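Student: I have a model open and want to go through it piece by piece. Where do we start?
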Amino acid sequence: MNRSENKRSMIHYMGLLGIISLISYTLAVVFSPLAYPGYDWMAQAVSDLSAQNAPSEMLWNQLSSLYCVCGMISVMMVCVYVSYKKVWSKTIRVGIYLFAAMNWISNVGYKMFPLSDSGYAGKFQDIMHVYVVTSLTVMLSIVSLVVIIIGGFRKSTCRSVAGWALFALLMMFAGAIGTGAVPKEYFGIFERFSVFAATGFNAVLGVYLFQGFRQGK
């Protein structure tokens, strides 16, 4: 590899925003409960922390302020780069585009329809939050990761990203199965497997972008 191939442009550095997004989200999940007296992270969902009447809403918004914007910029720059450079296979690229679409639905949908109360109050915005936005987010997450896995394992040079996608998918399944199988007092533990899977994979794609997708050339 010559020196010119080692040079990074601005779009490569945009990949680091995926890591910043993950850090911002992690800080919000870890420290927002400090502003929510009685919050039980082992039993309650992460979205309870950002509910409209949650005492932790302001702290959540402050700590997660970089989560959405950095995550979206990173994943969209990934889409632009893989599309322009024809990185990896077409199947993997389609999976990445679907993953980006999931991020759009998640970020816009949860902003438009935040929980009105911690838990489920049954209002219109709660119905949209739980049954529409969450369902679409989960469905697109699974489909996009499966497509990336299929495309990745077909080609030896793409198996690393397929492995990361498989790990993220297993985390999602562990979260989905765990939240339905364990007692309610442990719901929050397994729910966090699911919520961190997508954010973590977004950061992984950001790292690939920062490195110039060397394994995909």
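Tutor: Start with Trp88, which sits in the loop between H5 and H6. Keep in mind that this is a predicted model.

Student: What is the phi of Trp88 like?
Tutor: Phi of Trp88 is positive, about 55 degrees, although the residue is not a glycine.

Student: And is Trp88 buried or exposed?
Tutor: Trp88 has a relative accessible area of 5%, so it counts as buried, the limit being under 20%.

Student: Which loop holds Lys86?
Tutor: Lys86 lies in the loop between H5 and H6. Its phi is near 55 degrees, a positive value in a residue other than glycine.

Student: Is Lys86 buried or exposed?
Tutor: Lys86 is exposed, at 54% relative accessible area. The cut-off for that class is over 50%.

Student: Moving on to H6. Where does Ile92 stand, buried or exposed?
Tutor: Ile92 belongs to helix H6. With a relative accessible area of 0%, Ile92 is buried.

Student: How many residues apart along the chain are Ile92 and Trp41?
Tutor: They are 51 residues apart along the chain, and 35 Å separates their C-alpha atoms.

Student: Cysteines next. How many disulfides are there?
Tutor: The count is zero.

Student: Why is Cys68 too far for a bond?
Tutor: Because the closest cysteine sulfur, in Cys70, is 9.7 Å from the sulfur of Cys68, and a disulfide needs the two sulfur atoms within 2.5 Å. Cys70 is likewise in no disulfide, its nearest cysteine sulfur being that of Cys68.

Student: Does Cys70 count as buried or exposed?
Tutor: Buried, at 6% relative accessibility.

Student: OK, charges. How many salt bridges does the structure hold?
Tutor: One. The side chains of Glu191 and Arg192 form it, with 3.9 Å from N to O.

Student: What lets side chains pair like that?
Tutor: Side chains of opposite charge can pair when their charged atoms come close. In this case the cut-off is 4 Å, and the pair has 3.9 Å.

Student: Are Glu191 and Arg192 buried or exposed?
Tutor: Both Glu191 and Arg192 are buried.

Student: Now pockets. How much space lies in the largest pocket?
Tutor: About 1300 Å³.

Student: How many residues line the largest pocket, and which lie nearest its centre?
Tutor: The lining has 46 residues. Nearest the centre are Ser47, Tyr110, Thr134, Glu191 and Val195. Glu191 is also the acidic partner in the salt bridge with Arg192.

Student: Which helices each supply at least two residues of that lining?
Tutor: H3, H4 (57–63), H5 (67–85), H6 (90–112), H7 (124–153), H8 (159–181) and H9 (187–210).

Student: What about the outside? Which residues make the nonpolar surface patch?
Tutor: Met10, Tyr13, Leu16, Ile19, Ile23, Leu27, Val30, Phe31, Leu34 and Val207 make it, over about 900 Å². Helix H2 (10–13) and helix H3 (16–31) are the elements that give two or more residues to the patch.

Student: Which element gives the largest share?
Tutor: H3, with six residues.

Technical notes
Residues are numbered from 1 along each chain as its sequence is written. This is a predicted model: local features need pLDDT of at least 70, side-chain atom pairs count only at pLDDT 80 or more; totals for chains, interfaces and linings use all residues. Side-chain values use heavy atoms; hydrogens and water are left out. Buried means under 20% relative accessible area, exposed over 50%, partly exposed in between (1.4 Å probe, protein chains only). Patches are made of residues with over 30% relative accessible area and no salt bridge: like charges are joined within 9 Å, nonpolar side chains (Val, Leu, Ile, Met, Phe, Trp, Tyr) within 5 Å. Accessible areas come from the Shrake-Rupley method with a 1.4 Å probe; for residues, only the protein chains shown count as cover. Helices (H or I, at least four residues) and strands (E, at least two) are DSSP runs, numbered from the N terminus. On a 1 Å grid over the protein atoms alone, a cavity is a set of points where a 1.4 Å probe fits but cannot get out, and a pocket is an open set with protein on both sides within 12 Å along at least five of seven lines; lining residues have an atom within 4 Å of a point. Grid points are joined across faces, edges and corners, and a volume is the space filled by probe spheres set on the points.
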